[in-house]
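Student: Hi, could we go through this model together? I'd like to start with the charges and then look at the fold.

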Amino acid sequence: MTLRESEGTARTVPIKTLSSDCVTLRPIDSESDAQEWYAAMQEPEMHLWTGNRIPRDVEEVRELLAGYNAHPDIMAWCIRDRQSDRMVGTYWLAHPFESEEKRISVDAQRIAKPFWRTGRT
């Protein structure tokens with residue numbers, strides 16, 4: 001994974017696996033995570049406030065996940081429940097950038113509905 005530095009050059013930043021008592025965040029594997037995430041994304045309520053739509057097939061989800069990995073300005077993780085090893089969701093963090101003399105970083109998460117309000121995120 002590469003992140004652009006403010007000068008526009010790229011540097012390699014390894015994405016580490018992070019663990020807590022409840023979840024593990026590990027680098028997304030677009031091949032092995034696609035089927036499970038496709039199933040989770042079939043829930044209409046997951047798309048209600050995000051402005052996106054239900055994916056048409058597993059390949060679309062595989063491409064989405066691969067896009068997270070290929071994006072030069074973000075680090076993306078698969079969130080997995082430690083007890084069941086089920087996929088809880090995805091989380092990504094953008095490389096900070098300067099705007100009006102402020103340093104800004106953006107993050108996003110998508111959580112599968114069975115894990116909403118369970119204390120895992």
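Tutor: Happy to. A word on counting charges: Lys and Arg count as positive and Asp and Glu as negative, while His and the chain ends are not counted. The place of a charge is taken as NZ of Lys, CZ of Arg, CG of Asp or CD of Glu.

Student: Got it. How many positive and negative side chains does the chain have, and how far apart are the centres of the two sets?

Tutor: There are 16 positive and 20 negative side chains, and the centres of the two sets lie 4 Å apart. Keep in mind that this is a predicted model: local features need pLDDT of at least 70, side-chain atom pairs count only at pLDDT 80 or more, and totals for chains, interfaces and linings use all residues. Residues are numbered from 1 along each chain as its sequence is written, and side-chain values use heavy atoms, with hydrogens and water left out.

Student: Thanks. How many salt bridges does the count come to?

Tutor: Ten salt bridges, where a salt bridge is a side-chain nitrogen of Lys or Arg within 4 Å of a carboxyl oxygen of Asp or Glu. In general, side chains of opposite charge can pair when their charged atoms come close.

Student: Which residue forms a salt bridge with Arg80?

Tutor: Asp33 does, and the closest N and O atoms of the pair are 3.9 Å apart. Arg80 lies in strand E5 (residues 74-81) and Asp33 in helix H1 (residues 30-40), so the pair ties together parts that are 47 residues apart in sequence. Helices (H or I, at least four residues) and strands (E, at least two) are DSSP runs, numbered from the N terminus.

Student: Is Asp33 buried or exposed?

Tutor: Asp33 is buried, with a relative accessible area of 1%. Arg80 is buried as well, at 11%. Here buried means under 20% relative accessible area, exposed over 50%, and partly exposed in between (1.4 Å probe, protein chains only).

Student: Let's move to helix H2. Which salt bridge do Glu59 and Arg62 meet in, and what is the N to O distance?

Tutor: Their side chains meet in a salt bridge with an N to O distance of 2.8 Å. Glu59 and Arg62 are three residues apart in helix H2 (residues 58-70), so about one helical turn separates them. Glu59 is partly exposed, with a relative accessible area of 37%.

Student: Zooming out, how many helices and strands are in the chain?

Tutor: Two helices and nine strands. From the N terminus on, the elements run β-β-β-β-α-α-β-β-β-β-β. The radius of gyration of the chain is 15 Å, close to the 14 Å that the globule rule gives for 121 residues, so the chain is as compact as a globular protein of that length. That radius is taken over C-alpha atoms, and the rule is 2.2 Å times the number of residues to the power 0.38.

Student: What does the C-alpha trace span along its principal axes?

Tutor: About 40 × 35 × 30 Å. Of the 121 residues, 33% count as buried.

Student: Last topic: backbone angles. What is phi of Glu101?

Tutor: Phi of Glu101 is near 65 degrees, a positive value in a residue other than glycine. Most residues other than glycine have a negative phi. Glu101 sits in the loop between strand E7 (97-99) and strand E8 (102-104), and counts as exposed at 81% relative accessibility.

Student: And Arg117, where is its place?

Tutor: Arg117 is in the segment after strand E9 (107-111). Phi of Arg117 is near 55 degrees, again a positive value in a residue other than glycine, and Arg117 counts as exposed at 79% relative accessibility.
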